[in-house]
Amino acid sequence: MYFSVIFKASTTKVQENFNNVQELNEAMPKYESRGFCTAFVTATEGSRTKNVIYSFNGLTWEKR
């Protein structure tokens, strides 16, 4: 599974691509520590895609 993520802070956006969920999970705390509070995740597997939005609530990332 392949992941394309747009991390968003109040005035900044960063897009990254990840080859697996482990890479994505390792990146989430890195972006949270830099002040990013929203992650727009697109997961792709073959011809199927799924979009999920995550928000950082001050303690953990939550699916919206």
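**Entry 1: S4 and its partner**

I began with a side-chain pair: S4 and Q15 are joined through their side chains by a polar contact of 3.0 Å. A reminder to myself is that this is a predicted model, and side-chain atom pairs count only at pLDDT 80 or more.

Next I asked where S4 sits, and found it in strand β1, which covers residues 2-8. Is S4 buried or exposed? I noted it as buried, because its relative accessibility is 16% and the cut-off for buried is under 20%.

I then listed what S4 touches, leaving out residues up to four places away in sequence. Q15 is there again, together with E16, N17, F40, V41 and T42.

**Entry 2: How the strands pair**

I followed β1 to its neighbours. β1 and β2 are antiparallel and share six bridges, and a hairpin of four residues links the two strands. On the other pairing, β1 runs antiparallel to β3, with seven bridges between them.

Which strand does β3 pair with over eight bridges? That is β4, again in the antiparallel sense. A39 stands opposite Y54 in β4. The two strands make a hairpin with two residues between them, and I marked G46 in the turn for its positive phi of about 65°.

**Entry 3: V14 in β2**

I moved to V14, which is placed in strand β2. What does V14 touch, once residues up to four places away in sequence are set aside? I wrote down V5, I6, F7, Y31 and F36. For F36 I also looked up the spacing: it is 22 residues from V14 along the chain, and their C-alpha atoms are 9.2 Å apart.

**Entry 4: N19 in the loop**

I found N19 in the loop that runs between β2 (13-18) and α1 (21-33). I put N19 down as exposed, because its relative accessible area is 56% and exposed means over 50%. Leaving out residues up to four places away in sequence, N19 touches M1 and Y2. I looked up A43 too: C-alpha to C-alpha, N19 and A43 are 10.0 Å apart, with 24 residues separating them in sequence.

**Entry 5: The largest pocket**

I finished with the largest pocket, which holds about 230 Å³ of space. It is lined by 13 residues, and those closest to its centre are M1, F3, A43, K50 and V52.

Which strands each supply at least two residues of the lining? I noted β3 (38-45) and β4 (48-56). β4 gives the largest share, with five residues. Sorting the lining by class, I have seven nonpolar, two polar and four charged residues.

Technical notes. Residues are numbered from 1 along each chain as its sequence is written. This is a predicted model: local features need pLDDT of at least 70, side-chain atom pairs count only at pLDDT 80 or more; totals for chains, interfaces and linings use all residues. Side-chain values use heavy atoms; hydrogens and water are left out. On a 1 Å grid over the protein atoms alone, a cavity is a set of points where a 1.4 Å probe fits but cannot get out, and a pocket is an open set with protein on both sides within 12 Å along at least five of seven lines; lining residues have an atom within 4 Å of a point. Grid points are joined across faces, edges and corners, and a volume is the space filled by probe spheres set on the points. Ala, Val, Leu, Ile, Met, Phe, Trp, Tyr, Cys and Pro count as nonpolar, Asp, Glu, Lys and Arg as charged, and the others, Gly among them, as polar. Buried means under 20% relative accessible area, exposed over 50%, partly exposed in between (1.4 Å probe, protein chains only). A polar contact is a pair of N or O atoms within 3.5 Å; within protein, one must be able to donate a hydrogen and the other to accept it, and residues adjacent in sequence count only if both atoms are side-chain atoms. Contact means heavy atoms within 4.5 Å. Two strands pair if DSSP finds at least two bridges between them.
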